[in-house]
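Here are my notes for a first look at the model. Please keep the structure open while reading.

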Amino acid sequence: MRAGATAVAVLTLLGLTACTSGPSLETRAAITASPGDSHDLAIGSAGFTESELLAQMYAALLRHAGYRTHVLTVGNRELYEPALEAGRIDVVPEYAATFADWLNAKNKGSKAPPVASPDLDATLRALRRLAGARGLTVLRAGRAVDQNAFAVSAAYARKHHLKTLSDLGRARLPVRLAAGDECVQRPFCAPGLKKTYGINLTAIDPKGVGTTPAKQAVQNGQDQMVLTTSTDATLDRFGLVLLADDKKLQNADYVLPVVNRARAGGERPAAALNRLNTVLTTADLANLNEQVDSWRRLPADVARHYLTSKGLLPRS
């Protein structure tokens, strides 16, 4: 990695667990503060390929705009969102519908009715209201969309005549799901699979979202299904196929940056990050994911090459 490039670190955030009653005393002052423009910005990544790619693109665009940046890889939203509120992280790539419902559940509990929908404008209104109350600013959404998706082995699908998640629910097969450990509580993961589709989930195997070990566990029959994303371009390599979300459990999730208002809520960071919206598509995301997961290229290298090819960074 060349000198001055983005550093990648693992962030351990002790004591920053989700609360349900609103922002902490530590962050309340930031909510009414003027939008900030800190020169040093920490970009958070959730640790899966796509999040790492987006974080690296955000970091590169902000560096090109004159900021000093570094990327912090954090395990999941339950850790990085409180860090974002507290200003330990300044920018994260997020998904509109998922983040809106997650913040709503954080405020009102896990049984709160969803505020997200397939309507992007309505979802963004709800998201900005919830995020603003926590000192966060939601920037514009681009054209790229991703959402949770569930895959089984092609052989398993053929054997049990499965094409949809409804088919799997009707089959009443015992299903061990490879996913992140947070899947147990996420309404669009284990609870939604059980309630919407009647799928007989026997256990969550905490191997992460769409990770190689998670897909290998389904490939070798240790698990029957894996939580991945609709932009996962490596399923064929593991002999996996997606089951259609025929009852629309998942909302379409538009990719967007969320920033700490007090540290990165000004016009300059927004202008730098919004440049990505003009070019990035869902197909682009799938291709970028494949370059990392299948071709074994580094996320930082893939991100820089993409931005350069689109004219967002100068050729070195």
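1. Residue classes first. Ala, Val, Leu, Ile, Met, Phe, Trp, Tyr, Cys and Pro count as nonpolar, Asp, Glu, Lys and Arg as charged, and the others, Gly among them, as polar. By that scheme, 17 nonpolar, 16 polar and 9 charged residues line the largest pocket.

2. Ground rules. This is a predicted model, where local features need pLDDT of at least 70, side-chain atom pairs count only at pLDDT 80 or more, and totals for chains, interfaces and linings use all residues. Residues are numbered from 1 along each chain as its sequence is written, and side-chain values use heavy atoms, with hydrogens and water left out.

3. The largest pocket. A pocket is an open set of points on a 1 Å grid over the protein atoms alone, where a 1.4 Å probe fits, with protein on both sides within 12 Å along at least five of seven lines; lining residues have an atom within 4 Å of a point. The largest pocket holds about 980 Å³. Its lining counts 42 residues, and R77, E78, W102, E182 and R186 are the closest to its centre. Helix 4 gives the largest share of this lining, 5 residues. Helix 3 (77-86), strand 4 (91-95), helix 4 (96-108) and strand 10 each supply at least two. Helices (H or I, at least four residues) and strands (E, at least two) are DSSP runs, numbered from the N terminus.

4. Helix 3 against helix 4. Their axes lie 12 Å apart, at an angle of about 80°. Helix 3 is therefore roughly perpendicular to helix 4 (the term covers 65 to 115 degrees). R77, E78, E81, P82 and E85 of helix 3 meet T98, F99, W102, L103 and K106 of helix 4; contact means heavy atoms within 4.5 Å. The contact residues divide into 4 nonpolar, 1 polar and 5 charged.

5. The second largest pocket. Its volume is about 340 Å³. Of 16 lining residues, S110, A112, P114, P187 and K195 are the closest to its centre. Helix 8 provides the largest share, 4 residues. The lining splits into 8 nonpolar, 5 polar and 3 charged residues.

6. Helix 8. Which residues of helix 8 are buried? They are A190, G192, L193 and Y197, where buried means under 20% relative accessible area (1.4 Å probe, protein chains only). These buried residues pack against strand 7 (148-153), helix 7 (165-171), strand 8 (174-179), strand 9 (200-206) and strand 10 (225-229). Just after helix 8, G198 has a positive phi of about 65°.

How values were computed:
Buried means under 20% relative accessible area, exposed over 50%, partly exposed in between (1.4 Å probe, protein chains only). Grid points are joined across faces, edges and corners, and a volume is the space filled by probe spheres set on the points. Axes are lines fitted to C-alpha atoms, for helices over the stretch in contact, and angles run from 0 to 180 degrees between N-to-C directions. Angles under 35 degrees count as roughly parallel, over 145 as roughly antiparallel, 65 to 115 as roughly perpendicular and the rest as oblique.
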